[in-house]
Amino acid sequence: MDNICDLNYMERCIELGLIAKNNGESPVGSILLHKGTIISEGIETVNSVNDVTGHAELLAIKDANKKGHSDILHETIMYTTHEPCWMCSYAIRTYNIAKVVYAIAMPSIGGDSSDYRVLHTDTVDRWTAGPVVISGYQETLCRKVL
């Protein structure tokens, strides 16, 4: 797994975030990438379905599982417009997603930048090493568009 980020993938997340925004949601879009192929996508739906678990990151993971990709999630990269929250970070760690690339930090609730660094903790016995995390990728573009 290389350390190169691809603008096309973040641009797709921005497109998904704009769909969410136009639907009255927080402007969050996420994708899961496996060996250069987008295998799933998630669009924020918390308000429209009145379900706090409707985060784009969780929906991308659920979409991948629904499509039969649960066995390769440990080889995937998640791109997302916003830093995954604690809940989404828990799912990322549980599914052992290899890399997370996000644009906009969420320091009060983020799994990378808050006081509760779920993406980095080594205190949960059943979790393997945390994902590689790339923060602030295309942050200016995301803030401008979203």
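Predicted model: local features only at pLDDT ≥ 70, side-chain atom pairs only at ≥ 80, totals over all residues.
User: Which residues have the most contacts inside the largest nonpolar core?

Analyst: Those are L32, I61, M78, I92 and I97. The core has 18 residues.

User: Which helices and strands each supply at least two residues of this core?

Analyst: Helix 3 (56–66), helix 4 (86–94) and strand 4 (99–104) do.

User: And which gives the most?

Analyst: Helix 3, with four residues.

User: What does I97 touch, not counting residues up to four places away in sequence?

Analyst: I97 touches L32, I61, M78 and I92, as well as L73, T76 and P131.

User: What about a second core, which residues does that include?

Analyst: The second core is separate and has 16 residues, among them I77, A103, C142 and L146.

User: Back to the helices. How do the axes of helix 3 and helix 4 cross?

Analyst: They come within 9 Å and cross at roughly 30 degrees. Angles under 35 degrees count as roughly parallel, so helix 3 is roughly parallel to helix 4.

User: Is the crossing left-handed or right-handed?

Analyst: The crossing of helix 3 and helix 4 is left-handed.

User: Which residues meet there?

Analyst: From helix 3 there are E57, L58 and I61. From helix 4 there are M87, C88, A91 and I92.

User: How many of the residues in that contact are nonpolar, polar or charged?

Analyst: Six are nonpolar, one is charged and none is polar.

User: Where does K35 lie?

Analyst: K35 is in the loop between strand 1 (29–34) and strand 2 (37–43).

User: Is K35 buried or exposed?

Analyst: The relative accessible area of K35 is 70%. Exposed means over 50%, so K35 is exposed.

User: What about N96, what is its phi?

Analyst: Phi of N96 is near 60 degrees, again a positive value in a residue other than glycine.

User: Where is N96?

Analyst: N96 sits in the loop between helix 4 and strand 4.

User: Why does N96 count as partly exposed?

Analyst: Because the relative accessible area of N96 is 29%, and partly exposed lies between the buried limit of under 20% and the exposed limit of over 50%.

Notes. Residues numbered from 1 in each chain as written. Heavy atoms only, no water. Core = buried A, V, L, I, M, F, W, Y, C linked by side-chain atoms within 4.5 Å. Buried < 20%, exposed > 50% of the residue type's maximum accessible area, 1.4 Å probe, protein only. Contact = heavy atoms within 4.5 Å. Axes fitted to C-alpha atoms, helices over the stretch in contact; angles between N-to-C directions. Parallel < 35°, antiparallel > 145°, perpendicular 65-115°, else oblique. Left-handed = near helix turned anticlockwise from the far one by under 90°. Nonpolar A, V, L, I, M, F, W, Y, C, P; charged D, E, K, R; others polar.
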